[in-house]
Amino acid sequence: MGMKLCGFDSVARRGFVYAALILNFVFCCHLLLLQPLVAAGGASLLERVSQSVKVKKYSEALSDLNAAIEADPALSEAYWHKASILRQLCRYEESERSYKSFLGMKPGNSAAEKELSQLYQAQNALNSADDLFESGDFTKALEYIYKVVLVFSPECSKAKLLKVRLLIAAKDYSKAISETGFILKEDENNLEALLLRGRAYYYLADHDIATRHYQKGLRLDPEHGELKKAYFGLKNLLKKTKSAEDNAGKGKLRLAVEDYKAALAFDPNHTVHNVHLHLGLCKVYVKLGKGTDALKSCTEVLEIDGDQVEALVQRGEAKLLVEDWEGAVADIKSAAEKSPQDMNIREVLMRAERSLKLSQRKDWYKILGISKFASISEIKKAYKKLALQWHPDKNVDNREEAEAKFREIAAAYEILGDEDKRTRYDRGEDMDDNGMGMGGGGFNPFGGGGQQFTFHFEGGFPGGDFGGYHF
């Protein structure tokens with residue numbers, strides 16, 4: 001047993017010796033390769049580093065520089081080049097150490113001191129941009145990124161991604177897409193760039209492309225929290241939108257209202273898509289006859305896009321519902337001017353103008369205090385009551401007002417008491433053009449000029465035995 005253990009120890013010792021020899025051989029080779037470079041002042045090494053930087057192989061360049069420093073810790077140029085590369089990558093703390101190592105060997109080097117100052121400027125600007133982003137000052141934050149950070153640290157991935165987030169926050173989605181395109185060209189698997197690019201397409205309502213970016217990111221990292229939230233959030237939004245549209249199309253208007261409201265609650269900042277949702281909701285409200293709600297929804301659309309023709313027409317329809325005749329004509333006329341070839345809009349405009357004109361004529365039903373559906377007996381009863389109430393002989397103290405009221409009551413009965421005239425009035429025909437003397441003052445039972453006039457109703461006052469009325 002002792003002999004076996006002794007044999008095992010012997011094998012272990014030999015293995016350890018062989019491993020040490022191999023490591024020593026690799027180290028010697030490494031030194032032999034680097035030694036000519038160091039002996040020649042590092043010119044070949046620096047040339048190789050320069051070539052790596054040109055093709056943006058920063059890891060290789062840093063690896064070569066680290067190896068050179070390991071071989072010759074006094075090689076000052078390697079520290080300087082390393083510091084410069086790290087500054088461009090915004091690895092500021094590492095860069096600062098390398099600059100200080102170089103300046104320790106070459107004190108007073110103005111070029112290195114200037115670069116170290118630029119490092120501090122870029123570092124402070126990046127921190128300030130972060131703070132400004134959190135506080136909502138996106139324009140100022142972008143100035144720091146463009147004018148300072150990316151000038152002194154042009155390969156700073158953190159700054160590039162922060163710039164994209166700022167562009168999205170400032171609603172410059174096309175620029176955000178362009179910037180993330182550059183990032184993904186260098187690293188097609190950059191998860192944050194995929195997320196931000198997808199988000200930019202999402203806010204442009206290009207949902208298919210947004211979905212593809214989210215899906216690619218999730219294939220690389222299925223548990224990425226922000227990508228999961230963005231992907232499933234968009235999926236649910238589209239599902240709820242489709243449900244709203246389907247219910248509206250099937251005439252299930254109240255269900256459509258609930259779905260549109262739910263879809264709008266997903267993301268109040270998704271204005272391009274929300275325009276569509278607000279417009280759909282407005283149209284449903286118009287169909288339901290809910291003018292005030294429709295007015296609010298269509299106004300939401302027009303606050304986002306003032307040239308939305310369909311929203312102008314629908315808001316005009318909503319204003320007709322709330323009897324804002326002049327506002328309705330103004331909105332629909334604006335839509336007609338923007339789309340002069342649309343005959344449907346022309347028809348709606350004609351209807352609105354007719355409603356406006358009707359609103360400006362006397363409402364004979366209102367004057368008699370009856371509904372538009374009153375029977376002839378109800379009309380006669382209302383007329384008799386008001387005629388007796390405003391008879392000038394009963395209003396000696398306010399005779400002038402009573403005569404005007406009596407005249408108006410008589411004119412109302414003249415129209416509504418006649419079945420043919422009432423029908424034409426209800427159709428909206430202009431009764432003033434029929435020689436009835438009803439122009440702004442209405443029908444005049446007293447004649448004019450203060451002459452004596454006797455006004456008789458055929459058979460007396462309707463429903464009574466009131467005689468003639470003499471002046």
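These entries cover aromatic pairs and charges over rings in a predicted model.

**Ground rules.** Residues are numbered from 1 along each chain as its sequence is written, and side-chain values use heavy atoms, without hydrogens or water.

**Pairs.** I searched the whole structure and found 7 aromatic pairs. Rings of Phe, Tyr and Trp (its six-membered ring) pair if their centres lie within 6.5 Å; planes under 30 degrees apart are stacked, over 60 edge-to-face, the rest tilted.

**F133 and F138.** I looked up this pair after the search. The two rings are tilted, 6.1 Å centre to centre, with 50° between the planes. F133 is partly exposed at 21% relative accessible area. F138 is also partly exposed, at 24%. (Buried is under 20% relative accessible area, exposed over 50%, partly exposed in between; 1.4 Å probe, protein chains only.)

**Y365 and Y425.** I then took this pair. It is tilted too: 6.1 Å between centres, 45° between planes. It links distant parts of the chain, 60 residues apart: Y365 lies in helix α19 (residues 364–368), Y425 in helix α22 (residues 419–426). Helices are DSSP runs (H or I, at least four residues), numbered from the N terminus. Y365 is buried at 2%. Y425 is buried at 4%.

**Cluster.** I noted one aromatic cluster formed by Y173, Y202 and Y203.

**Charges over rings.** Here I required NZ of Lys or CZ of Arg within 6 Å of the ring centre and within 35 degrees of the ring normal. R165 has its charged end over the F133 ring, 5.8 Å from the centre. R361 has its charged end over the Y425 ring, 3.5 Å from the centre.

Technical notes: Predicted model: local features only at pLDDT ≥ 70, side-chain atom pairs only at ≥ 80, totals over all residues. Helix = DSSP H or I, 4+ residues; strand = E, 2+ residues; numbered from the N terminus.
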